[in-house]
Amino acid sequence: QVQLVESGGGLVQAGGSLRLSCAASGRTFSTYAMGWFRQASGKKQQDIVAVINRSGDLRYYADSVKGRFTISRDNAKNTVYLQMNSLIPEDTAEYHCAATTNPDYTGIVLAAELYAYWGRGTQVTVSS
């Protein structure tokens, strides 16, 4: 089992940048595929933002953030990051990191329902 704690959210003006971090507990972080999802106010669903496989060599980005956001991970520090540049008001949401593991699979995982572990989230607010 892994516990996830996000940090780095806040209030930023449009055009600004933020870097989110997600620290994971446990000694098996390198076996987990990781993802960042976001939940806009009043919505129940988690929308995919970016995901990365356990070795860090495969990534996927939602079209809405491609070219502006970068997901990365440091397995030595048990941490996954989301660098967010050129923020726009539509990026306002609560951002959650998630983890999942499958010993037979080394690729990326796109579906939120396949992630077994979730952090509590960090709020990102972008003002216009």
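Is Asp 91 buried or exposed, and what is its relative accessible area? Asp 91 is buried, with a relative accessible area of 1%. Please keep in mind as you read on that this is a predicted model.

1. **Where Asp 91 sits.** You will find this residue in the loop between E8 and E9. Leaving aside residues up to four places away in sequence, Asp 91 touches Arg 38, Arg 68, Phe 69, Ser 86, Val 124 and Val 126. Two of these names, Arg 38 and Arg 68, come back in the next points, as they join Asp 91 in a network of salt bridges.

2. **Asp 91 with Arg 38.** The side chains of these two residues form a salt bridge, with an N to O distance of 2.9 Å. This pair connects distant parts of the chain: Arg 38 belongs to strand E4, Asp 91 to the loop between strand E8 (79-84) and E9, and they are 53 residues apart. Arg 38 has a relative accessible area of 12%, so it counts as buried.

3. **Asp 91 with Arg 68.** A salt bridge also runs from Asp 91 to Arg 68, where the closest N and O atoms are 2.7 Å apart. Here too the pair links distant parts of the chain, 23 residues apart, with Arg 68 in the loop between strand E6 (59-61) and strand E7 (69-74). Arg 68 is buried as well, its relative accessible area being 14%. Through shared partners, the salt bridges join Arg 38, Arg 68 and Asp 91 into one network.

4. How many salt bridges does the structure hold? There are three. Besides those already described, the side chains of Lys 66 and Asp 63 meet in a salt bridge at 3.1 Å, N to O. Asp 63 is exposed, with a relative accessible area of 65%, whereas Asp 91 is buried at 1%.

5. Which strand pairs with E4 over eight bridges? That is strand E9 (residues 93-101), in the antiparallel sense. Within this pairing, Trp 36 stands opposite Cys 97 in E9. E4 also pairs with strand E5 (residues 47-52), again in the antiparallel sense, over five bridges. There, Met 34 stands opposite Ile 52 in E5. A general point to have in mind when you look at side chains here: in a regular strand they alternate between the two faces of the sheet.

6. **Two residues with positive phi.** Have a look at the backbone of Asn 78, which has a positive phi of about 55° although it is not a glycine. Asn 78 lies in the loop between E7 and E8 and is buried, with a relative accessible area of 17%. Ser 86 is another non-glycine residue with a positive phi, about 50° in its case. The loop between E8 and E9 holds Ser 86, and Asp 91 lies in that loop too. Ser 86 is partly exposed, at 40% relative accessible area, and it is one of the residues that Asp 91 touches.

Technical notes: Residues numbered from 1 in each chain as written. Predicted model: local features only at pLDDT ≥ 70, side-chain atom pairs only at ≥ 80, totals over all residues. Heavy atoms only, no water. Pairing = 2+ DSSP bridges. Helix = DSSP H or I, 4+ residues; strand = E, 2+ residues; numbered from the N terminus. Salt bridge = Lys/Arg side-chain N within 4 Å of Asp/Glu carboxyl O. Buried < 20%, exposed > 50% of the residue type's maximum accessible area, 1.4 Å probe, protein only. Contact = heavy atoms within 4.5 Å.
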